Amino acid sequence: PLRWLPFGSALIVALAARLVSLDVRPLHHDEGVNAAFLLALAQGRPYEYNPASYHGPFLYYAGWWPLRLLGTGGMGDGALRLPVALASALMLPLLLPLRRRLGVAGVTAAAWLLAVSPFFVYYGRDLIHETWLAVLTLALVAAGSLYLESRRDGYLYLAAACLGLLFTVKETALL
């Protein structure tokens, strides 16, 4: 209905803010390191975890699919950043399971805050791990909320999967 129009508008703004001109600025140093790992994976080399220097493999495997679709020849900065940018924007629908607790106005306000948040607009367009940490944390909260409302085991399993995936993003997820 019409009451969801402001939420939908926030989603459109979030998508536009994160997807337009993804390749305008060059990769910064952290993105360059992550791009090297991702490119190696896309070229068929195995991912090797180094707990002393780097984070887990989630970012690289999540970024692998556009490279498989576009080929490594189509790997510009925009292709490298695309999965993170989409995940950042698609955090907004993860708010929808919270509508019984926050109400339509609360979910819409939260959606607008995420849509125009300087952190998510800026870092949500970078090939870095932190955006995925935020996405999976919100997914964990949404799945946990759905489980508490319905007591369906599937939501509990989804929450557990989100929790497990958080540790494949960054080892410090517990903090």
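Is Arg81 buried or exposed? Arg81 turns out to be buried, with a relative accessible area of 0%. Keep that residue in mind while you browse these close-ups of a predicted model.

**View 1. Helix 4, a bent helix with a lot of cover.** Helix 4 runs over residues 77-89, and it bends by about 35° at Pro83. How far apart are its end C-alpha atoms? They sit 18 Å apart, which agrees with the 18 Å that 13 residues should span at 1.5 Å a residue. The buried ones are Gly78, Ala79, Leu80, Arg81, Pro83, Val84, Ala85, Ala87, Ser88 and Ala89. Their cover includes helix 1 (5-19), helix 2 (29-42), helix 3, helix 6 (118-123) and helix 7 (130-150).

View 2. The structure holds five salt bridges, and here is one of them: Arg81 pairs with Glu31, with their closest N and O atoms 2.8 Å apart. This pair links distant parts of the chain, since Arg81 belongs to helix 4 and Glu31 to helix 2, 50 residues apart. What is the relative accessible area of Glu31? It is 0%, so Glu31 counts as buried. Anything under 20% gets that label, and Arg81 qualifies too, at 0%.

**View 3. Arg100 and Glu149, a bridge between helix 5 and helix 7.** The side chains of Arg100 and Glu149 meet in a salt bridge, 3.1 Å from N to O. Again the pair links distant parts of the chain: Arg100 is in helix 5 (residues 99-116) and Glu149 is in helix 7, 49 residues apart. Arg100 is exposed because its relative accessibility is 69%, and over 50% counts as exposed. Glu149 has 29%, so it counts as partly exposed.

View 4. The side chains of Lys170 and Glu130 form a salt bridge, 2.8 Å from N to O. Lys170 lies in the segment after helix 8 (153-169) and Glu130 lies in helix 7, so the pair ties together parts that are 40 residues apart in sequence. Glu130, at 29%, counts as partly exposed. While you're looking at salt bridges, pick out Arg100, Arg101 and Glu149 as well: salt bridges that share partners join these three into one network.

View 5. Which residues make the nonpolar surface patch of about 440 Å²? They are Trp64, Trp65, Leu69 and Leu70. Zoom in on Trp65, which has its place in helix 3 (residues 58-70). Its relative accessibility is 37%, so Trp65 counts as partly exposed.

View 6. Leu90 is found in the loop between helix 4 and helix 5. Its relative accessible area is 41%, so Leu90 is partly exposed. How far is Leu90 from Pro66 in space? The two are 17 Å apart, C-alpha to C-alpha, and 24 residues apart in sequence.

Terms used:
Residues are numbered from 1 along each chain as its sequence is written. This is a predicted model: local features need pLDDT of at least 70, side-chain atom pairs count only at pLDDT 80 or more; totals for chains, interfaces and linings use all residues. Side-chain values use heavy atoms; hydrogens and water are left out. Patches are made of residues with over 30% relative accessible area and no salt bridge: like charges are joined within 9 Å, nonpolar side chains (Val, Leu, Ile, Met, Phe, Trp, Tyr) within 5 Å. Accessible areas come from the Shrake-Rupley method with a 1.4 Å probe; for residues, only the protein chains shown count as cover. A salt bridge is a side-chain nitrogen of Lys or Arg within 4 Å of a carboxyl oxygen of Asp or Glu. Helices (H or I, at least four residues) and strands (E, at least two) are DSSP runs, numbered from the N terminus. Buried means under 20% relative accessible area, exposed over 50%, partly exposed in between (1.4 Å probe, protein chains only). The expected span of a helix is 1.5 Å times one less than its number of residues. The bend at a residue is the angle between axes fitted to the seven residues ending there and the seven starting there. Contact means heavy atoms within 4.5 Å.
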